Amino acid sequence: ATPTSIMVGTGRAAELGILFRQGDALQGLRDVQAVAFDKTGTLTAGKPALTDWVEVDGQARGEVLGVLAAVQAHSEHPIAHAIRQAASEAGMAALPEARAFRALTGAGVEAQVDGVRVIAGGERLMREEGVDTAAWAAQAESWGESGGTPLYVARDGRLAALFCVTDPILPQSAQAVAALHAEGVRTVMMTGDNRHTAQAVAQQLGIDDVRAELLPEGKVAAIEALRKEGMKVAFVGDGINDAPALAAADVGIALGTGTDIAMESASVVLMSDDLRKVPQAIALSRATMANIR
Ligand code: ADP
Ligand code: MG
(Lines give C-alpha, C1' and ligand atoms only; values in the text may rest on other atoms or scores of the structure.)
(Ligands and ions follow the chains in the order given, each with its own letter.)
Protein backbone atom coordinates (compact mmCIF):
# COMPACT_ATOMS: atom_id res chain seq x y z
CA ALA A 1 0.00 0.00 0.00
CA THR A 2 1.23 3.47 -0.78
CA PRO A 3 1.20 6.19 1.89
CA THR A 4 -1.69 7.69 -0.07
CA SER A 5 -3.81 4.53 0.03
CA ILE A 6 -3.14 4.21 3.77
CA MET A 7 -4.30 7.81 4.23
CA VAL A 8 -7.42 7.09 2.21
CA GLY A 9 -8.07 3.90 4.21
CA THR A 10 -7.60 5.71 7.51
CA GLY A 11 -9.92 8.49 6.37
CA ARG A 12 -12.59 6.03 5.27
CA ALA A 13 -12.29 4.26 8.64
CA ALA A 14 -12.76 7.58 10.46
CA GLU A 15 -15.98 8.14 8.50
CA LEU A 16 -17.17 4.74 9.77
CA GLY A 17 -16.29 5.73 13.35
CA ILE A 18 -13.11 3.64 13.51
CA LEU A 19 -10.09 5.59 14.78
CA PHE A 20 -6.53 4.34 14.38
CA ARG A 21 -4.35 5.57 17.25
CA GLN A 22 -1.28 3.83 15.84
CA GLY A 23 -0.17 4.00 12.22
CA ASP A 24 0.58 0.29 11.86
CA ALA A 25 -2.83 -0.83 13.20
CA LEU A 26 -4.43 -0.73 9.72
CA GLN A 27 -1.80 -3.19 8.53
CA GLY A 28 -1.98 -5.24 11.74
CA LEU A 29 -5.74 -5.72 11.30
CA ARG A 30 -5.33 -7.20 7.83
CA ASP A 31 -3.48 -10.21 9.27
CA VAL A 32 -5.81 -10.87 12.23
CA GLN A 33 -6.94 -14.52 12.39
CA ALA A 34 -8.72 -14.48 15.74
CA VAL A 35 -10.77 -11.82 17.53
CA ALA A 36 -11.17 -12.17 21.30
CA PHE A 37 -13.99 -10.25 23.01
CA ASP A 38 -14.50 -9.20 26.60
CA LYS A 39 -18.11 -10.05 27.56
CA THR A 40 -19.47 -7.49 30.01
CA GLY A 41 -19.84 -4.06 28.44
CA THR A 42 -18.49 -5.27 25.10
CA LEU A 43 -20.76 -8.08 23.81
CA THR A 44 -23.36 -7.09 26.42
CA ALA A 45 -24.62 -3.63 27.32
CA GLY A 46 -22.71 -3.44 30.62
CA LYS A 47 -25.98 -2.39 32.27
CA PRO A 48 -27.09 -5.42 34.25
CA ALA A 49 -30.30 -5.50 36.27
CA LEU A 50 -31.10 -7.47 39.40
CA THR A 51 -33.40 -10.22 38.05
CA ASP A 52 -33.66 -12.73 40.92
CA TRP A 53 -33.16 -12.98 44.68
CA VAL A 54 -33.26 -16.01 46.97
CA GLU A 55 -33.42 -15.57 50.74
CA VAL A 56 -31.20 -17.85 52.82
CA ASP A 57 -32.18 -19.04 56.33
CA GLY A 58 -35.03 -16.55 56.62
CA GLN A 59 -32.78 -13.49 56.19
CA ALA A 60 -35.23 -10.97 54.71
CA ARG A 61 -34.52 -9.62 51.22
CA GLY A 62 -35.26 -6.03 52.24
CA GLU A 63 -32.72 -6.02 55.05
CA VAL A 64 -29.94 -7.87 53.21
CA LEU A 65 -30.46 -5.78 50.06
CA GLY A 66 -30.00 -2.61 52.15
CA VAL A 67 -26.73 -3.87 53.61
CA LEU A 68 -25.53 -5.00 50.17
CA ALA A 69 -26.46 -1.66 48.59
CA ALA A 70 -24.49 0.14 51.31
CA VAL A 71 -21.40 -1.87 50.35
CA GLN A 72 -22.02 -1.39 46.63
CA ALA A 73 -22.30 2.39 47.11
CA HIS A 74 -18.48 2.33 47.08
CA SER A 75 -18.09 0.22 43.91
CA GLU A 76 -18.11 1.45 40.32
CA HIS A 77 -18.76 -2.01 38.87
CA PRO A 78 -21.95 -2.35 36.76
CA ILE A 79 -23.12 -5.03 39.24
CA ALA A 80 -22.96 -2.38 41.99
CA HIS A 81 -25.13 -0.09 39.91
CA ALA A 82 -27.74 -2.85 39.45
CA ILE A 83 -27.91 -3.35 43.23
CA ARG A 84 -28.21 0.37 44.04
CA GLN A 85 -30.95 0.65 41.42
CA ALA A 86 -32.89 -2.26 42.95
CA ALA A 87 -32.55 -0.78 46.43
CA SER A 88 -33.81 2.57 45.27
CA GLU A 89 -36.72 0.94 43.39
CA ALA A 90 -37.58 -0.86 46.63
CA GLY A 91 -37.89 2.58 48.21
CA MET A 92 -34.77 2.37 50.38
CA ALA A 93 -33.66 5.93 50.98
CA ALA A 94 -31.33 5.78 53.98
CA LEU A 95 -28.77 2.97 53.76
CA PRO A 96 -26.55 1.85 56.63
CA GLU A 97 -22.95 3.06 56.45
CA ALA A 98 -20.26 0.79 55.00
CA ARG A 99 -16.64 1.24 56.14
CA ALA A 100 -13.29 -0.23 55.08
CA PHE A 101 -14.57 -0.97 51.56
CA ARG A 102 -12.30 -2.99 49.27
CA ALA A 103 -12.81 -4.10 45.67
CA LEU A 104 -11.39 -7.59 45.21
CA THR A 105 -10.26 -7.57 41.59
CA GLY A 106 -12.17 -10.05 39.45
CA ALA A 107 -13.75 -11.54 42.55
CA GLY A 108 -16.14 -9.14 44.31
CA VAL A 109 -16.29 -6.57 47.09
CA GLU A 110 -15.96 -6.41 50.88
CA ALA A 111 -16.77 -3.88 53.63
CA GLN A 112 -17.79 -3.53 57.28
CA VAL A 113 -21.44 -2.67 57.99
CA ASP A 114 -22.47 -2.19 61.64
CA GLY A 115 -19.43 -4.17 62.79
CA VAL A 116 -20.20 -7.10 60.45
CA ARG A 117 -17.87 -8.08 57.61
CA VAL A 118 -19.91 -8.25 54.41
CA ILE A 119 -18.62 -9.83 51.20
CA ALA A 120 -20.36 -10.10 47.83
CA GLY A 121 -19.21 -11.79 44.68
CA GLY A 122 -19.15 -14.99 42.70
CA GLU A 123 -18.71 -18.60 43.69
CA ARG A 124 -14.89 -18.38 43.63
CA LEU A 125 -14.84 -15.60 46.26
CA MET A 126 -17.16 -17.61 48.49
CA ARG A 127 -14.95 -20.68 48.17
CA GLU A 128 -11.84 -18.63 49.01
CA GLU A 129 -13.62 -17.18 52.04
CA GLY A 130 -14.87 -20.56 53.25
CA VAL A 131 -18.56 -19.72 52.73
CA ASP A 132 -20.59 -22.86 52.00
CA THR A 133 -22.75 -22.45 48.89
CA ALA A 134 -23.11 -26.15 48.01
CA ALA A 135 -26.86 -26.23 48.73
CA TRP A 136 -27.43 -23.52 46.10
CA ALA A 137 -25.24 -24.85 43.27
CA ALA A 138 -28.20 -26.05 41.16
CA GLN A 139 -29.99 -22.70 41.45
CA ALA A 140 -26.82 -20.79 40.50
CA GLU A 141 -26.16 -23.10 37.57
CA SER A 142 -29.66 -22.70 36.23
CA TRP A 143 -29.36 -18.88 36.31
CA GLY A 144 -26.02 -19.19 34.53
CA GLU A 145 -27.47 -21.44 31.85
CA SER A 146 -29.99 -18.76 30.97
CA GLY A 147 -27.22 -16.15 30.64
CA GLY A 148 -27.54 -14.53 34.07
CA THR A 149 -24.69 -14.06 36.56
CA PRO A 150 -25.23 -15.77 39.93
CA LEU A 151 -23.77 -13.89 42.90
CA TYR A 152 -23.70 -14.33 46.66
CA VAL A 153 -23.63 -12.11 49.73
CA ALA A 154 -22.27 -13.31 53.06
CA ARG A 155 -22.10 -11.75 56.55
CA ASP A 156 -19.32 -12.81 58.91
CA GLY A 157 -18.67 -15.88 56.79
CA ARG A 158 -22.29 -17.02 56.63
CA LEU A 159 -24.38 -16.94 53.44
CA ALA A 160 -27.08 -14.24 53.58
CA ALA A 161 -28.60 -14.43 50.09
CA LEU A 162 -27.95 -15.38 46.49
CA PHE A 163 -29.08 -13.28 43.58
CA CYS A 164 -28.85 -13.03 39.82
CA VAL A 165 -27.95 -10.05 37.65
CA THR A 166 -28.64 -10.15 33.92
CA ASP A 167 -26.92 -7.98 31.35
CA PRO A 168 -28.68 -7.68 27.98
CA ILE A 169 -26.73 -8.81 24.91
CA LEU A 170 -26.21 -5.90 22.49
CA PRO A 171 -28.30 -6.36 19.32
CA GLN A 172 -25.32 -6.02 16.93
CA SER A 173 -23.08 -8.56 18.65
CA ALA A 174 -24.39 -11.67 16.85
CA GLN A 175 -24.10 -9.95 13.46
CA ALA A 176 -20.53 -8.91 14.25
CA VAL A 177 -19.60 -12.50 15.10
CA ALA A 178 -21.26 -13.84 11.93
CA ALA A 179 -19.46 -11.24 9.77
CA LEU A 180 -16.10 -12.20 11.30
CA HIS A 181 -16.75 -15.87 10.55
CA ALA A 182 -17.60 -14.89 6.96
CA GLU A 183 -14.16 -13.23 6.77
CA GLY A 184 -12.60 -16.50 8.01
CA VAL A 185 -11.79 -15.05 11.45
CA ARG A 186 -12.07 -17.19 14.61
CA THR A 187 -13.99 -15.73 17.57
CA VAL A 188 -13.25 -16.15 21.28
CA MET A 189 -14.86 -14.80 24.48
CA MET A 190 -12.52 -13.91 27.39
CA THR A 191 -14.39 -12.97 30.55
CA GLY A 192 -14.12 -12.67 34.31
CA ASP A 193 -17.65 -14.03 34.63
CA ASN A 194 -18.43 -17.65 35.56
CA ARG A 195 -18.31 -20.39 32.92
CA HIS A 196 -22.03 -21.27 32.79
CA THR A 197 -23.02 -17.67 32.06
CA ALA A 198 -20.14 -17.22 29.61
CA GLN A 199 -21.04 -20.40 27.71
CA ALA A 200 -24.73 -19.46 27.52
CA VAL A 201 -23.96 -16.00 26.11
CA ALA A 202 -21.31 -17.35 23.70
CA GLN A 203 -23.74 -19.97 22.42
CA GLN A 204 -26.43 -17.35 21.77
CA LEU A 205 -23.89 -15.36 19.74
CA GLY A 206 -22.29 -18.28 17.89
CA ILE A 207 -18.83 -17.56 19.36
CA ASP A 208 -16.30 -20.36 18.69
CA ASP A 209 -14.41 -20.55 22.03
CA VAL A 210 -14.95 -19.44 25.62
CA ARG A 211 -12.38 -18.65 28.30
CA ALA A 212 -14.17 -17.80 31.58
CA GLU A 213 -13.33 -16.86 35.20
CA LEU A 214 -10.25 -14.96 34.01
CA LEU A 215 -8.49 -12.26 35.99
CA PRO A 216 -6.99 -9.42 33.89
CA GLU A 217 -3.66 -11.33 33.73
CA GLY A 218 -5.62 -14.41 32.68
CA LYS A 219 -6.89 -12.57 29.61
CA VAL A 220 -3.26 -11.73 28.72
CA ALA A 221 -2.22 -15.39 29.17
CA ALA A 222 -5.13 -16.55 26.97
CA ILE A 223 -4.04 -14.13 24.23
CA GLU A 224 -0.41 -15.28 24.51
CA ALA A 225 -1.59 -18.91 24.16
CA LEU A 226 -3.36 -18.11 20.87
CA ARG A 227 -0.27 -16.26 19.62
CA LYS A 228 1.90 -19.29 20.47
CA GLU A 229 -0.38 -21.29 18.16
CA GLY A 230 0.80 -18.87 15.47
CA MET A 231 -2.32 -16.73 15.34
CA LYS A 232 -2.50 -12.96 15.00
CA VAL A 233 -4.98 -11.86 17.64
CA ALA A 234 -7.15 -8.78 18.11
CA PHE A 235 -8.74 -8.14 21.52
CA VAL A 236 -11.90 -6.03 21.90
CA GLY A 237 -12.75 -4.60 25.32
CA ASP A 238 -14.03 -1.64 27.30
CA GLY A 239 -12.94 -1.96 30.92
CA ILE A 240 -10.03 -1.10 33.20
CA ASN A 241 -9.59 -4.87 33.59
CA ASP A 242 -9.19 -5.18 29.79
CA ALA A 243 -6.24 -2.75 29.54
CA PRO A 244 -3.50 -5.41 29.89
CA ALA A 245 -5.18 -7.61 27.23
CA LEU A 246 -5.62 -4.65 24.86
CA ALA A 247 -1.90 -3.90 25.17
CA ALA A 248 -0.87 -7.58 24.79
CA ALA A 249 -2.89 -8.33 21.63
CA ASP A 250 -1.47 -7.80 18.13
CA VAL A 251 -4.26 -5.25 17.73
CA GLY A 252 -6.12 -3.82 20.74
CA ILE A 253 -9.58 -2.46 19.93
CA ALA A 254 -11.28 -0.36 22.63
CA LEU A 255 -14.86 0.86 22.72
CA GLY A 256 -15.09 4.66 22.76
CA THR A 257 -17.99 4.21 25.20
CA GLY A 258 -15.61 2.44 27.61
CA THR A 259 -12.98 3.58 30.09
CA ASP A 260 -10.11 5.98 29.31
CA ILE A 261 -7.55 3.39 30.38
CA ALA A 262 -8.91 0.90 27.82
CA MET A 263 -8.68 3.51 25.04
CA GLU A 264 -5.13 4.49 26.01
CA SER A 265 -4.06 0.82 25.87
CA ALA A 266 -5.58 0.19 22.44
CA SER A 267 -4.35 0.93 18.93
CA VAL A 268 -7.88 1.19 17.51
CA VAL A 269 -10.88 2.95 19.08
CA LEU A 270 -14.49 2.40 17.95
CA MET A 271 -16.64 5.52 18.23
CA SER A 272 -19.69 3.52 19.44
CA ASP A 273 -20.50 0.19 21.05
CA ASP A 274 -21.57 -1.27 17.65
CA LEU A 275 -19.30 -4.32 17.29
CA ARG A 276 -20.09 -4.60 13.56
CA LYS A 277 -17.31 -2.03 13.24
CA VAL A 278 -14.80 -4.79 14.05
CA PRO A 279 -15.42 -6.88 10.89
CA GLN A 280 -15.81 -3.60 8.95
CA ALA A 281 -12.37 -2.47 10.12
CA ILE A 282 -10.82 -5.82 9.16
CA ALA A 283 -12.48 -5.78 5.71
CA LEU A 284 -11.31 -2.21 5.16
CA SER A 285 -7.73 -2.98 6.13
CA ARG A 286 -7.74 -6.04 3.85
CA ALA A 287 -9.00 -3.90 0.94
CA THR A 288 -6.50 -1.11 1.65
CA MET A 289 -3.52 -3.37 2.20
CA ALA A 290 -4.34 -5.84 -0.60
CA ASN A 291 -1.60 -4.57 -2.89
CA ILE A 292 1.26 -5.29 -0.48
CA ARG A 293 0.28 -8.89 0.26
P1 ADP B 1 -15.99 -8.91 33.67
O2 ADP B 1 -16.18 -7.43 33.42
O3 ADP B 1 -15.19 -9.57 32.57
O4 ADP B 1 -17.26 -9.66 33.95
P5 ADP B 1 -14.78 -8.34 36.32
O6 ADP B 1 -13.35 -8.64 36.60
O7 ADP B 1 -15.21 -6.93 36.29
O8 ADP B 1 -15.08 -9.11 34.95
O9 ADP B 1 -15.69 -9.10 37.38
C10 ADP B 1 -15.56 -10.47 37.53
C11 ADP B 1 -16.46 -10.99 38.59
O12 ADP B 1 -16.17 -10.39 39.88
C13 ADP B 1 -17.94 -10.68 38.38
O14 ADP B 1 -18.54 -11.57 37.47
C15 ADP B 1 -18.46 -10.86 39.81
O16 ADP B 1 -18.56 -12.22 40.12
C17 ADP B 1 -17.35 -10.27 40.65
N18 ADP B 1 -17.58 -8.84 40.98
C19 ADP B 1 -16.87 -7.77 40.55
N20 ADP B 1 -17.33 -6.62 41.07
C21 ADP B 1 -18.37 -6.96 41.87
C22 ADP B 1 -19.30 -6.22 42.68
N23 ADP B 1 -19.27 -4.88 42.80
N24 ADP B 1 -20.25 -6.93 43.37
C25 ADP B 1 -20.30 -8.28 43.28
N26 ADP B 1 -19.47 -9.01 42.52
C27 ADP B 1 -18.53 -8.39 41.83
MG1 MG C 1 -16.06 -5.24 30.23
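Figure 1. In helix H9 (residues 195–205), the buried positions are His196, Thr197, Ala198, Val201, Ala202 and Leu205. A residue is termed buried if 20 or more other C-beta atoms lie within 10 Å of its own, exposed if 12 or fewer do, and partly exposed in between, with C-beta atoms placed from the backbone. Helices (H or I, at least four residues) and strands (E, at least two) are DSSP runs, numbered from the N terminus. The cover over the buried residues of H9 includes helices H3, H7 (137–145) and H8 (173–182), together with strands S7, S9 (186–190) and S10 (209–211). Contact here requires two C-beta atoms, placed from the backbone, to lie within 7 Å. Just after H9, Gly206 adopts a positive phi of about 75 degrees.

The model is predicted; local features need pLDDT of at least 70 and side-chain atom pairs count only at pLDDT 80 or more, whereas totals for chains, interfaces and linings use all residues. Residues are numbered from 1 along each chain as its sequence is written, with chains lettered from A and ligands numbered from 1 in the order in which they are written.

**Figure 2. The whole protein, for orientation.** The protein contains 13 helices and 13 strands. Its radius of gyration, 21 Å, is close to the 19 Å that the globule rule gives for 293 residues, so the protein is as compact as a globular protein of that length. The radius is taken over C-alpha atoms, and the rule is 2.2 Å times the number of residues to the power 0.38. Along the principal axes, the C-alpha atoms fill a box of roughly 70 × 35 × 30 Å. Of the 293 residues, 46% are buried. Among contacts with a separation of 6 or more, 61% join residues 24 or more positions apart. The mean pLDDT (the predictor's confidence in each residue, from 0 to 100) is 95 for the protein, and 99% of the residues score at least 70. The model has an ipTM of 0.94 and a pTM of 0.90.

**Figure 3. The contact between the two domains.** The protein is divided into domain 1 (3–45 + 169–292) and domain 2 (49–166), with bounds from an automatic or database domain assignment. The domain centres, taken over C-alpha atoms, are 31 Å apart.

**Figure 4. The shell around ligand 1.** Ligand 1 is surrounded by 22 residues, of which the closest are Thr40, His77, Gly106, Gly122 and Gly192. A shell residue has its C-beta atom, placed from the backbone, within 6 Å of the molecule. Domain 1 and domain 2 both give residues to this shell, so ligand 1 lies between them. At least two shell residues each come from helix H3 (39–43), helix H5 (78–89), strand S5 (108–113), strand S6 (116–121) and strand S7 (149–155). The shell consists of 6 nonpolar, 13 polar and 3 charged residues.

**Figure 5. Two aspartates with positive phi.** Asp57 lies in the loop between strand S3 (49–55) and helix H4 (61–72), and its phi is near 50 degrees, a positive value in a residue other than glycine. Asp57 is exposed, with 8 other C-beta atoms within 10 Å. Asp114 is found in the loop between S5 and S6; although not a glycine, Asp114 has a positive phi of about 50 degrees. With 12 C-beta neighbours inside 10 Å, Asp114 counts as exposed.

**Figure 6. Leu170 and its contacts.** Leu170 is located in the loop between strand S8 (158–166) and H8. Not counting residues up to four places away in sequence, Leu170 touches Leu43, Thr44, Ala45, Asp273 and Leu275. The C-alpha atoms of Leu170 and Thr42 are separated by 8.2 Å, with the two residues 128 apart along the chain. Leu170 counts as partly exposed, having 19 C-beta neighbours inside 10 Å.

Definitions and conventions: Ala, Val, Leu, Ile, Met, Phe, Trp, Tyr, Cys and Pro count as nonpolar, Asp, Glu, Lys and Arg as charged, and the others, Gly among them, as polar.
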